[in-house]
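Work through the exercises below with the sequence and the 3D view at hand. Each task is followed by its solution.

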Amino acid sequence: MFLSVVIPTYNRKPILEKCLRALENQQFSDYEIVVIDDGSTDGTVEWLSKSDDFPHVRLFCQDHKGAASARNYGVEQATGDTIVFIDSDLVVTDVFLRSHVEALIQGQKELGSDRLFTYGRVINTANFDDPTSEPYKLTDFSAAYFATGNVAIARHWLIEAGLFDTGFKQYGWEDLELGVRLKNLGLKLIKCPEAVGYHWHPAFSLDQIPRLIDVEMQRGRMGVVFYQKHPTWDVKMMIQMTWIHRVLWGVLSLGGSLNERTLAPVMRSLINQGKPQLAEQVARIFLNWYNVKGVYAAYAEVQQR
């Protein structure tokens, strides 16, 4: 089994360096790292092109077209029979690749085929200096079927499923939409908690809120693209386009009156107390409401066309 670790990246040079150094320190030898730079403007390409620290890395570049396009490019350029997808802000342990391989081999023995993929654990952290020291938290749990933050899958299944849909040009859902097609092909999810990736992002602060709101609105619009391709109740639940979500977040946000302005004092107080994670959970109240509004607004636009 030869692995191709496919990593799309866009303006993430500092954490990408940590990501790649961790991948160069693996207890497994048969792999390459395929980095697709998606039009970065922070010097990523120049730095990586000149560095001798990453012998496993093969660098490819494209104009800024989004994660779906970058991952497809990575799969096309990969020489491995097995693809491992991670994000460029993920720092892994030294047993990461070996754990995926062992789980894939065991799964193939049990199923009698390679109609499966392995899904590792992702732990969120704001600790840039020592990201792998972060403990697992309840908020790290994910019920996603196929999320490209940490999965390994035979390359031919991606080709047969049709790769990622580049119609997802904004944030969200392109990996879960591919997951629906993989599930329709009968692939089984094999959980691999030993393959741990630590997903770094800056500690929550109030100045992040405008960007986070924009992300939720983008996620809403791309959720409708997802639903148009797969108009099922499961997808409606995933993208929060149900009366359940409308009532839930409408009530919790008091119809939008609990928002980035009215909750700012509470969030600021929590941040000042050294509790940015709790402040971020408070922000989820109005961020989810923005997401639900974004979904319904985008769906109404589609219906009017």
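**Exercise 1.** Which unit do β1, helix α1 and β2 make?

Solution. This is a predicted model, in which local features need pLDDT of at least 70, side-chain atom pairs count only at pLDDT 80 or more, and totals for chains, interfaces and linings use all residues. Residues are numbered from 1 along each chain as its sequence is written, and side-chain values use heavy atoms, without hydrogens and water.
- Find strand β1 at residues 3-9, helix α1 at residues 13-23 and strand β2 at residues 31-38; helices (H or I, at least four residues) and strands (E, at least two) are DSSP runs, numbered from the N terminus.
- Together they make a right-handed β-α-β unit: with the strands pointing away from the viewer, the path from the first strand over the helix to the second runs clockwise.
- β2, helix α2 (residues 44-50) and β3 make another such right-handed unit.

**Exercise 2.** Find the strands that pair with β2.

Solution. Strands pair if DSSP finds at least two bridges between them.
- β1 runs parallel to β2, joined by 7 bridges; Val-5 has Ile-33 as its bridge partner.
- β3 (residues 57-62) also pairs with β2 in the parallel sense, over 6 bridges, and Asp-37 stands opposite Cys-61.

**Exercise 3.** Is β2 mostly covered or uncovered?

Solution. Covered: 8 of its 8 residues are buried, that is, under 20% relative accessible area with a 1.4 Å probe, counting protein chains only.
- Tyr-31, Ile-33, Val-35 and Asp-37 point one way, and Glu-32, Val-34, Ile-36 and Asp-38 the other.
- In a regular strand, side chains alternate between the two sheet faces.

Definitions and conventions. Buried < 20%, exposed > 50% of the residue type's maximum accessible area, 1.4 Å probe, protein only.
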